[in-house]
Amino acid sequence: MIKVLLLFIILIAGIILGPVLSGHQGYVLIRTDNYDIVTSVTSLVLCFVLLQFILLFIGWCYRRFVSTTSRTRGWISGRKYHKAHDQTQKALLKLAEGDFKQVEKLMSKHADYSQQPVINYLLAAEAAQQRGDEYRTHQYLDRAAEVAGNEQLPVDITRVRIQLAEGEIFAARTGVDKLLDKAPRHPEVLRLAEQAYLKSGAYQALIELLPIIGKEKIHTDDELETLRLKAYKGLMNQCMAEDGSEGLTRWWKAQSRKVRHEIALQSFIAEHLIECGDHEGAQKIILDGLKQQYDERLLLLVPRIKTNPPEALEKVLLHLIKHSGATPLLNSTLGQMALQHAEWEKAESYFKAALAQRTDPHDAAWLADALDKLKKPEEAAKVRQEALIHTLKKERE
């Protein structure tokens with residue numbers, strides 16, 4: 001506006017002063033190679049002012065054009081944003097229906113104009129993975145990584161989740177390790193780490209991660225304990241597969257005192273040693289465990305021990321009877337040991353004591369076998385008949 005006002009002032013001044021100075025205008029000579037241009041000073045000023053008006057008019061036209069174009073672009077973009085929002089809402093409904101083809105289509109179309117394009121591309125990637133389209137899955141993941149900028153965590157989490165679903169276990173393991181460096185207490189990262197470590201056999205890494213998983217309350221205490229025992233069992237399987245009973249024994253001795261005194265782990269290691277044929281090593285662990293406390297998991301393994309003589313085991317079991325009472329399992333275990341070593345009378349006594357406390361078809365069958373060895377066929381037949389009747393009644397119930 002100030003420029004226009006100045007131009008008007010100059011124009012008016014020219015109109016007023018022009019006639020006065022008409023006799024004293026002077027002249028201006030502009031010479032080129034081929035032309036000579038001669039004009040008065042007044043004419044030159046008027047041409048300059050006119051040129052300024054032309055330039056202002058062109059500038060005004062340009063601004064109007066740019067403004068109109070911006071409004072047009074804004075209208076088009078607004079329409080696309082609105083459409084992207086509607087498509088995202090429809091995609092979420094299709095996701096609830098399990099229609100992954102439509103989810104992928106709606107989420108990827110106009111994804112760049114949605115409020116959260118990263119989410120659209122990630123959901124499209126998961127939908128494509130559900131359809132088994134590996135190419136599009138990675139294409140959407142790469143696009144999500146581009147638009148995410150510095151916020152790569154959701155993209156990396158989704159990538160690992162998809163890798164696990166596609167069976168790329170070791171790639172997922174690498175991704176999980178990187179995620180744990182970035183977000184060591186993120187609940188979803190911990191869940192993915194648990195899956196990746198279990199599937200890749202990284203049981204030691206999982207055991208080291210369990211305290212953090214426990215603090216974040218991802219599992220209940222019972223679930224966490226089950227997971228821990230599963231990890232230890234996996235470690236034992238690895239040791240057994242690589243180095244047999246010697247590897248198992250070395251690994252067990254390398255564990256802390258606290259670990260070696262856990263009854264559940266004692267039963268696991270003893271069972272693995274029995275499978276390896278190391279009955280003496282298994283017996284030692286079972287004896288150490290039973291000396292600490294009465295535990296049925298260890299007792300159930302005793303009949304599988306094949307060592308001579310059985311006095312050490314029998315002595316510990318009798319000690320348990322003295323301090324914990326004669327439980328049915330203790331009597332049954334002693335009976336099975338007597339049966340294995342052809343001590344028929346002892347077997348008869350222990351099995352009868354066990355059956356007096358509770359009815360068990362296995363104990364009845366073993367008692368009948370002992371009675372047969374003792375030349376008591378009628379009594380053996382009676383025991384079998386009573387066991388059969390009890391079993392039939394139980395099945396009818």
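**View 1. The largest cavity has a volume of about 60 Å³.** A cavity is a set of points on a 1 Å grid over the protein atoms alone where a 1.4 Å probe fits but cannot get out, and lining residues have an atom within 4 Å of a point; a volume is the space filled by probe spheres set on the points, which are joined across faces, edges and corners. The model is predicted: local features need pLDDT of at least 70 and side-chain atom pairs pLDDT 80 or more, whereas totals for chains, interfaces and linings use all residues. Residues are numbered from 1 along each chain as its sequence is written, and side-chain values use heavy atoms, without hydrogens and water. The lining of the largest cavity includes Pro310, Met337 and His341. Helix H16 (328–340) and helix H17 (344–357) each give two or more residues to this lining (helices are DSSP runs of H or I, at least four residues, numbered from the N terminus).

**View 2. The second largest cavity holds about 50 Å³ of space.** Among the residues that line the second largest cavity are Ile305, Thr307, Pro310, Met337 and His341.

**View 3. Histidine 279 lies in helix H13 (residues 279–292).** Histidine 279 is buried, at a relative accessible area of 16% (buried means under 20%, with a 1.4 Å probe and protein chains only). A polar atom of the histidine 279 side chain lies 3.3 Å from the backbone nitrogen of lysine 306.

**View 4. Tyr232, Trp251 and Trp252 form one aromatic cluster.** Aromatic rings of Phe, Tyr and Trp (its six-membered ring) pair if their centres lie within 6.5 Å. Tryptophan 251 is buried at 11% relative accessible area, and tryptophan 252 is buried at 9%.

Conventions:
Buried means under 20% relative accessible area, exposed over 50%, partly exposed in between (1.4 Å probe, protein chains only). A polar contact is a pair of N or O atoms within 3.5 Å; within protein, one must be able to donate a hydrogen and the other to accept it, and residues adjacent in sequence count only if both atoms are side-chain atoms. Rings of Phe, Tyr and Trp (its six-membered ring) pair if their centres lie within 6.5 Å; planes under 30 degrees apart count as stacked, over 60 as edge-to-face and the rest as tilted. On a 1 Å grid over the protein atoms alone, a cavity is a set of points where a 1.4 Å probe fits but cannot get out, and a pocket is an open set with protein on both sides within 12 Å along at least five of seven lines; lining residues have an atom within 4 Å of a point.
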